[in-house]
Amino acid sequence: MVITDFQNHKLNNLLLSNYSGSSIAANVFINRSGTNFYVAGSITIPSYSTLAVLGKDTGLYLEEGDVLQVNASANSSVHMVSGYEIIS
């Protein structure tokens, strides 16, 4: 998710889904001006499971230029789904 407009965004939830047959480790981070800020590091997601990383009660604000990224120990094994609102 890349924030490219002149508005801030509030990330209300973030789900990671492992659709592979093995457990994986995943990292979630925000890249802001070339610096990575980890939201979750080396979290284990069991096979064929979904993990809620953020909920509405733990929202996160993203600014213009921020990049929300996820990487996993197994290539192409995780889908990320998020809900957000635009804050003007």
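Author: Gladly, and let us begin with one term: a contact means heavy atoms within 4.5 Å. Among the contacts in the chain with a separation of 6 or more, 75% are between residues 24 or more positions apart. This is a predicted model, in which local features need pLDDT of at least 70 and side-chain atom pairs count only at pLDDT 80 or more, while totals for chains, interfaces and linings use all residues. Residues are numbered from 1 along each chain as its sequence is written, and side-chain values use heavy atoms, with hydrogens and water left out.

Reader: What makes a stretch of the chain a strand, and how many strands are there?

Author: Strands (E, at least two residues) and helices (H or I, at least four) are DSSP runs, numbered from the N terminus. By that rule the chain has seven strands and zero helices. Reading from the N terminus, the order is β-β-β-β-β-β-β.

Reader: How do you know whether the radius of gyration agrees with a compact globule?

Author: The radius is taken over C-alpha atoms, and the globule rule is 2.2 Å times the number of residues to the power 0.38. For 88 residues the rule expects a value near 12 Å; the chain has 13 Å, so the two agree. The C-alpha atoms fill a box of roughly 40 × 25 × 15 Å along the principal axes.

Reader: Why is L15 called partly exposed?

Author: Buried means under 20% relative accessible area, exposed means over 50%, and partly exposed is in between (1.4 Å probe, protein chains only). L15 has 33% relative accessibility, so it counts as partly exposed. L15 sits in strand β1, residues 8-18. Leaving aside neighbours within four places in sequence, L15 is in contact with T50, L51, A52, H79, M80 and V81. Over the chain as a whole, 27% of the 88 residues count as buried.

Reader: Which class does S47 get, and where is S47 found?

Author: S47 is found in the loop between β3 and β4. Its relative accessibility is 28%, so S47 is partly exposed as well. Not counting residues up to four places away in sequence, S47 touches N18, S20, G21, S22 and S23. S47 and S77 are 30 residues apart in sequence, and their C-alpha atoms are 9.5 Å apart in space.

Reader: What about Y48, buried or exposed?

Author: Y48 has a relative accessible area of 62%, so it is exposed. Y48 lies in the loop between β3 and β4 (49-54). Its phi is positive, about 50°, although Y48 is not a glycine.

Reader: What makes β3 and β6 edge strands?

Author: Three strands form an open sheet in the order β3-β2-β6, with antiparallel pairing. β3 and β6 (67-72) each pair on one side only, and they are the edge strands. The twist averages 15° from one strand to the next, where axes are lines fitted to C-alpha atoms and angles run from 0 to 180 degrees between N-to-C directions.

Reader: Why is a set of residues called a nonpolar core, and how many residues has the largest one?

Author: A nonpolar core is a set of buried Ala, Val, Leu, Ile, Met, Phe, Trp, Tyr and Cys residues joined through side-chain atoms within 4.5 Å. The largest has 14 residues, and L14, L16, A26, V28, I43, I45 and L68 have the most contacts inside it. The elements giving two or more residues to this core are β1, β2 and β3, and β2 gives the most, with four. Setting aside residues up to four places away in sequence, A26 touches L16, A40, G41, S42, I43, I45, N71 and A72.

Key. Pairing = 2+ DSSP bridges.
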